[in-house]
Amino acid sequence: MEFINQIINGLSTGSMYALVAIGYTMVYGIAKMINFAHGEIIMVGSYIAYVCLAFYGLPIPAAIIISMALTACLGIVTEKVAYKPLRGKGSLDILITAIGVSYLLQNIFLLLFSSSGRTFPNIIPAGNVNVGGLSATYITVITLVVTFICTGLLLLFINKTKIGKAMRAVSEDRQAAQLMGININTTISLTFAIGSGLGAIAGIIYGCKFSLINPYIGAMLGIKAFIAAVMGGIGSVPGAMAGGLMLGVAESLTISYISSDFSDAVVFGILIFVLLVKPAGLFGKNVREKV
Amino acid sequence: MLLKVDNLIVNYGMINAIKDISFEVEKGEIVALIGANGAGKTSTMHAISGLIPSKGTITFNNKEISKIPAHKIVAEGLAQVPEGRRIFASLTVADNILMGAYLRKDKEEIKKDRQHVYDLFPRLYERRHQLAGTLSGGEQQMLAMGRALMSKPKLLLMDEPSMGLSPILVNEIFDIIREVNKEGVTILLVEQNANKALQIADRAYVLETGKITIQGKASEVAANPLVKEAYLG
């Protein structure tokens, strides 16, 4: 029973990673770049929700919506200001810029809120759900449910709607998509908005799970989610989900059966193993470069 | 004049791909642009569609389009079947066709036009639920054509439709090009297969290393000894 409980905990943390990983993977699929500032965007989402709840005492749904909307805007603005001017330049230029954006956001929030942590309001009551011999906290269960709803809606959107299909078309062949009349800039903005909006949810979940937030929380969360995205096969949404869940479970099992000190080592170890065995990631396609 | 290209220049960095060419396409025509590999045929097509920056003026349907972004040129009624098909492999055949009608809002008309595409290419109808990447080369060419037709173009640019296809399929594709043209779609056809292109074209231009060297009625161009030697051998 203990083992299954740990799996459930792992799936819950993993689903938070998955939400963030989806942002990485979608942006990579459409804009062909790694947005290393994505972790910081999640941190910002977390703080926006915190301010709404703790400073203004707004109702929880309002705080979530405002956080998602503002974070989505931040994603769009980041792309327009920092990345768009570099489109067509080398990927190294964009990578360095993304790292710059990441430090910029982190430092803005250090200035605004200092490095000391803030207590995230308790929006999910403490307590356990008990089924049979299994027991999980409310937050664990809610995280899982929220993630599955979000990713389910996202998959419906990209597979069933015209705009979603257009996004996939852009991700596959940007020029051919333009020949259909698809506006690339709008599509890229939309991608950043979706990725960042989902990131805000991850940020709020983080706040609820760990009840303490500081301007550095995006860094490690971002890296782990990035690993999840790469493991799943960057560019693939189901891959990002699978990668995130795997990572969460591996982490949780390591913490409970080996040692919490080893959890990061195991995570990075799995990444190396996956890349050795399947370089394109679990769900990744082998991309042939056109000569 | 439906399409008028004046003093078109395309540069890739220091390389002069298109060196000041001018040509035109009249409504209802099939015009062929023939030339060897690297002559600048695809660059010309990409410049007209707005996919790459160019100098000079391109007038389509009495509107200057050379400064308009690619996705807006489609709305003017100019579609392209790009070289190498460039279909969306991970989308189904039906979704590829839907993407062709991306800018259109007239749902009923879209349905009719989709049916028309399926009538032109019955094999696409049979395979409509399949992923486009699983189609054969000839079917992919048909899909690329059907997809482009869904935008209801006045002018269809076709870049190397015969590439990589068996002679039987080439004939089939060229028959359909002629049929589409009869239905009122003007066609600018780029081909290495000069023989086939000159058979269906009304007029032709020969492009050699970025310059137009020979032009005229397709029959005249085909009879030109230089063309015979270089392209029809």
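## Tour of the A–B interface, a helix and a methionine

Start with chains A and B together: about 2,100 Å² is buried between them, and carbon and sulfur atoms give 59% of that area. The model is predicted, so keep its confidence values on display.

**Stop 1: the contact between the chains**

Select the contact residues on both sides. Chain A puts in 16 residues and chain B puts in 23 residues. Now pick out A:Lys162, A:Leu179 and A:Met180. In chain A, these three lose the most area to chain B, together 35% of what that side buries.

Next, look for charged pairs. Across the interface of chain A and chain B there are two salt bridges. One to display is A:Asp173 with B:Arg86, where the closest N and O atoms are 2.5 Å apart.

Which helix gives the most to the side of chain A that touches chain B? Color α6 (162–172) and α7 (174–179) of chain A. Each supplies at least two residues of the side that touches chain B. The helix that gives the most is α6(A), with six residues.

**Stop 2: helix α4 of chain B**

Move to chain B and select residues 107–120, helix α4. Check its length first. At 1.5 Å a residue, its 14 residues should span 20 Å, and the end C-alpha atoms are 20 Å apart, which agrees.

Now show side chains. B:Ile110, B:Asp113, B:Val117, B:Tyr118 and B:Leu120 are the buried residues of α4(B). Look down the axis of α4(B): the buried residues fall within an arc of 155 degrees, so they line one face of the helix.

Turn to the face of α4(B) directed away from the buried side. There you find the exposed residues B:Glu108, B:Lys112 and B:Asp119. What covers the buried residues of α4(B)? Show α3 (93–100), α5 (122–126), α6 (137–149) and α7 (167–182) of chain B, which are included in that cover.

**Stop 3: A:Met220**

Go back to chain A and center on A:Met220, in helix α9 (residues 217–232). Is A:Met220 buried, partly exposed or exposed? A:Met220 is partly exposed, because its relative accessible area is 34%, between the cut-offs of 20% and 50%.

Display its surroundings. Beyond its neighbours within four places in sequence, A:Met220 is in contact with A:Asp264 and A:Phe268. Finish with a distance label from A:Met220 to A:Glu40. They lie 180 residues apart along the chain, with C-alpha atoms separated by 9.7 Å.

Notes:
Residues are numbered from 1 along each chain as its sequence is written. Chains are lettered from A and ligands numbered from 1 in the order in which they are written. This is a predicted model: local features need pLDDT of at least 70, side-chain atom pairs count only at pLDDT 80 or more; totals for chains, interfaces and linings use all residues. Side-chain values use heavy atoms; hydrogens and water are left out. Helices (H or I, at least four residues) and strands (E, at least two) are DSSP runs, numbered from the N terminus. The expected span of a helix is 1.5 Å times one less than its number of residues. Buried means under 20% relative accessible area, exposed over 50%, partly exposed in between (1.4 Å probe, protein chains only). The arc is that of the directions from the helix axis to the C-beta atoms. Contact means heavy atoms within 4.5 Å. Buried area is the accessible area (1.4 Å probe) that two parts lose on being put together, summed over both. A salt bridge is a side-chain nitrogen of Lys or Arg within 4 Å of a carboxyl oxygen of Asp or Glu.
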